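Me: I would like to go through this structure and ask what stands behind each label. Please set the values against the definitions.

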Amino acid sequence: MSFSQQEIRNEFLKSKMGIAGIFILSTLIIISMVAIIAIPSETFSEWNNPSNWISYPKVAIPGWVNLFLIEKIPEHKIMNDPIKKMESSESVSTISHQFVFNFDYDDFPNDFIYEFSAEYAGSPLLEILVIRPDGVQLEILSTSLPNSDLITTHTERIFSTDELIKKKLFLQSEYFNFPVDNLSAEDIVFSKTDIHYPLKGNYVYMINLYGVNSQNQIPESKLIVGGKAFGIMGTDELRRDLAIGLLWGTPLALFIGIVVAIASVVMGLLYGVYAGYKGKKTDEVMMRFNDVIYALPALPFLIILSVTISNSIFVMIGFLTIFGWVGVAKVSRSMALQIKTRGYIDAAEMMGQRKSKIIIRHILPQLLPYAFASIAISVPAAITTEAGLSFLGLGDPSFPTWGQILHDANVYGAASRGLWWWILPPGIMIAITGLAFVFIGNALDVIVNPKLKR
Amino acid sequence: MALKKYVVTRLVTMFGVLMITLLLTISLVGSNMDTILKQGVVFQVRGEITADPSIANSFSSSEEFEEFVQNQIDQRIETLGLDEPWYSPQRIGLTMYKILLLDFGNATFLTSDSGSTDVREIILEKLPRTILLFTTATIIISVIGIFLGAFSGSKVGSVIDRITSSFAIISSSFPVWWIGMLMIFLFSFVYQIFPARATPSIPVSDPDYILSLLYHMTLPLITIVMIGFGAWAYLVRNFMVGIMQEDFITSKKVMGINRKKIIYKHALKNAAPPIVTILALSLSGSLGGAIITEAVFDWPGMGRLYFEAITVMDLPIIIGATYILTVFFLISIFIADLLYGYFDPRVRTGQ
């Protein structure tokens, strides 16, 4: 029953499972630190704000999938760093932004969007041209910006579905050996001239702003070539970058799991030891109360509590603790009952030591190995329960957890639509985090309960 | 005599727990319920009055009419006892008394498949389906678990033991509902064998309904069993490992009794009390866990009903379902206790 710290450490290091658990846990901690440092918390608090994700593609498959495919899926490109040039003669000033990118895929992009904000006076002319890998230069759009006498800022998003673009391209249909009237703009711009098939190579998008005023500027300029693949983890139906959600879920899951586990084990330990040591009426009353909590159906109550009181993550942690300490209290009570009968407790009592001191000095230290094992074992339960509640849509919307990602996946029918990248990673993360603690807990458990060892 | 006293104490405790649960549920949803009930009265009274145009015509001004309507509403609220707040002793007492007699009132939004709004009818319609799915699953899980566990517990360190143990540890950290989503992805998207939604599309009256229900049940059943039996096997294994080290087993081995007989007759019998207890608990525990699993598979049982009721805040159903779930939970704890006492003579004699 009693172990020295040294013994426990040695035994623990002998267990492969324990080491594996520690290894996974440290990896998760590193991921959490990377997430907290690399991704500003503003990005993460904007998780549920759709306008923040507007430049991202809808349900895009992870980009690395292309490595395994012969027919490459076009990747979503967001370019906001054009090559800028400025020319001005006496009467006309030209601002020119150039986006150069390599298009090396076997399918047409979804669309292209040019997003800009321009500062100007008068009514300058905006022209968009594309120089294709085969040397053909297509005019996409030339339009004048709304007239203004004073200096004004104009923000606009030009979509490839724009009617003007369609008309302009139709006028240049002589380049192509096939009818282009029913094709969308991106299907024409990115097509070979002889057959309707994507043309690979370097494309240059040129945006020219002609004006009489040399003070004209384009402070913001962004070209998006919409694709069906994006990033490391892909995106979901609401265009959110899943990598960010997954990364930020790590510190949150660890926080929830560890806080709930420690709080409930400490609570159960103190409660159980006190009841067991005091004995008699106190024990009876305390254990009846324990029975009452034990008999409450936890999940329905958690659901009612989160709906009626609050779904804040901190309140949730409290609720999870309320239902978590019961089992620990039962076991530590019976352990305290055993320890109580030992000679040295009698001796301490006879020497007139205070009861609180006997509990803290002589009983609690004996229970510490058990306490650590139960902390490790209760972490996965806390994480899965929180994930389950979030999955039902009862999670805290300001803290996107893995469970909430899965909730959205379920709402949008990701499983029956085959969007595996939306379902697999969050679940695997939940399972891996749980496994780390189960491994550590089991390794500790084997030390604490030598009967299991054989 | 001791057993009788034990049973009575347990029964009293259980009843106390049931009352506390009810009280907690009512106090959590009480204020919302008050508002909803009062709104219901307002609608009802206005509906009755506007249905009879002669009442409106008998008033000279609209203020007077409004006053009359308000009076009628107040009167109705008073006769229903809604003028007192929900936390007044009479109201709570009345509500709890009604619920004890399984009178849950009418649902606010949800209806049963046959269109009834009576909460008791709705629950009676959904409950058998949940029991069908989860009890079947628990029974399959426990049968596989007990035999696999007994087998690997008697051969500690063998390949099967290691596979069982690691499978148990790994499967316990996967949420069932997530595996459910994967199963839907695999078996209704990649290989289109089973339907993604578990609600049968044909009406209840159709003779093929049962068949269709069973077919729709397959995917959730496989999922629950797959995730559940590992933990069971591991549990039984650990009990067995302990028992196989006991002196009486060693002496039986020395006596030359057949190994299989030792494992399945003597050792398993001694491991029975905790196993039976856990079986009773997990039968009812599965009903609570059903909420999320049924939401994934869209299985038309209690869990989904509960979840739907929560989303639209249909309070009579929430209260009724919580009550039923608690009753089941308590009954199974009680049975587990009794069984434990039956199997373990130390408890029976009150030592």
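**Sheets, chains and cores**

Reply: Chain A has an open sheet of four strands in the order S1-S9-S4-S7, with antiparallel pairing. Its edge strands are S1 (77-79) and S7 (148-159) of chain A, each of which pairs on one side only. From one strand to the next the twist averages 5°, where axes are lines fitted to C-alpha atoms (for helices over the stretch in contact) and angles run from 0 to 180 degrees between N-to-C directions. The model is a predicted one, in which local features need pLDDT of at least 70 and side-chain atom pairs count only at pLDDT 80 or more, while totals for chains, interfaces and linings use all residues. Residues are numbered from 1 along each chain as its sequence is written, chains are lettered from A, and ligands are numbered from 1 in the order in which they are written.

Me: What makes S4 and S7 of chain A a pair?

Reply: Two strands pair if DSSP finds at least two bridges between them. Strand S4 (residues 111-122) of chain A and S7(A) have nine bridges, in the antiparallel sense, so they pair under that rule. One of the bridges joins Ser117(A) to Thr155(A) in S7(A). Strands of a sheet pair through backbone hydrogen bonds, either parallel or antiparallel.

Me: Which strands pair with S5(A), and over how many bridges?

Reply: Strand S5 (residues 125-131) of chain A pairs with strand S6 (residues 137-144) of chain A over seven bridges, in the antiparallel sense. Ile131(A) has Gln137(A) as its bridge partner in S6(A). These two strands form a hairpin with five residues between them, and Gly135(A) in the turn has a positive phi of about 90°. S5(A) also pairs with strand S8 (residues 201-211) of chain A, antiparallel and over seven bridges. There, Leu126(A) stands opposite Leu209(A) in S8(A).

Me: How are helices and strands counted, and how many does each chain have?

Reply: They are DSSP runs numbered from the N terminus: helices are H or I runs of at least four residues, and strands are E runs of at least two. By that count chain A has 15 helices and nine strands, and chain B has 13 helices and zero strands.

Me: Why is chain A called more spread out than a compact globule?

Reply: The radius of gyration is taken over C-alpha atoms, and the globule rule is 2.2 Å times the number of residues to the power 0.38. For 454 residues that rule gives 22 Å, whereas chain A has 32 Å, well over it, so chain A is more spread out than a compact globule. Its C-alpha trace spans about 105 × 50 × 40 Å along the principal axes. For chain B, with 351 residues, a compact globule would have a radius near 20 Å, but the value is 27 Å. The C-alpha atoms of chain B fill a box of roughly 105 × 60 × 35 Å along the principal axes.

Me: Why is Glu78(B) called exposed?

Reply: A residue is buried if 20 or more other C-beta atoms, placed from the backbone, lie within 10 Å of its own, exposed if 12 or fewer do, and partly exposed in between. Glu78(B) has 11 within 10 Å, so it is exposed. It lies in helix H3 (residues 62-80) of chain B. Buried residues make up 39% of chain A and 37% of chain B.

Me: What makes a set of residues a nonpolar core?

Reply: Its members are buried Ala, Val, Leu, Ile, Met, Phe, Trp, Tyr and Cys residues joined through C-beta atoms within 7 Å. The largest core has 163 residues, and Leu302(A), Ile423(A), Val236(B), Met240(B) and Ala321(B) touch the most other members. Helix H6 (residues 242-278) of chain A gives the most to this core, with 19 residues. A second, separate core of 26 residues includes Tyr105(A), Phe112(A), Leu169(A) and Val189(A).
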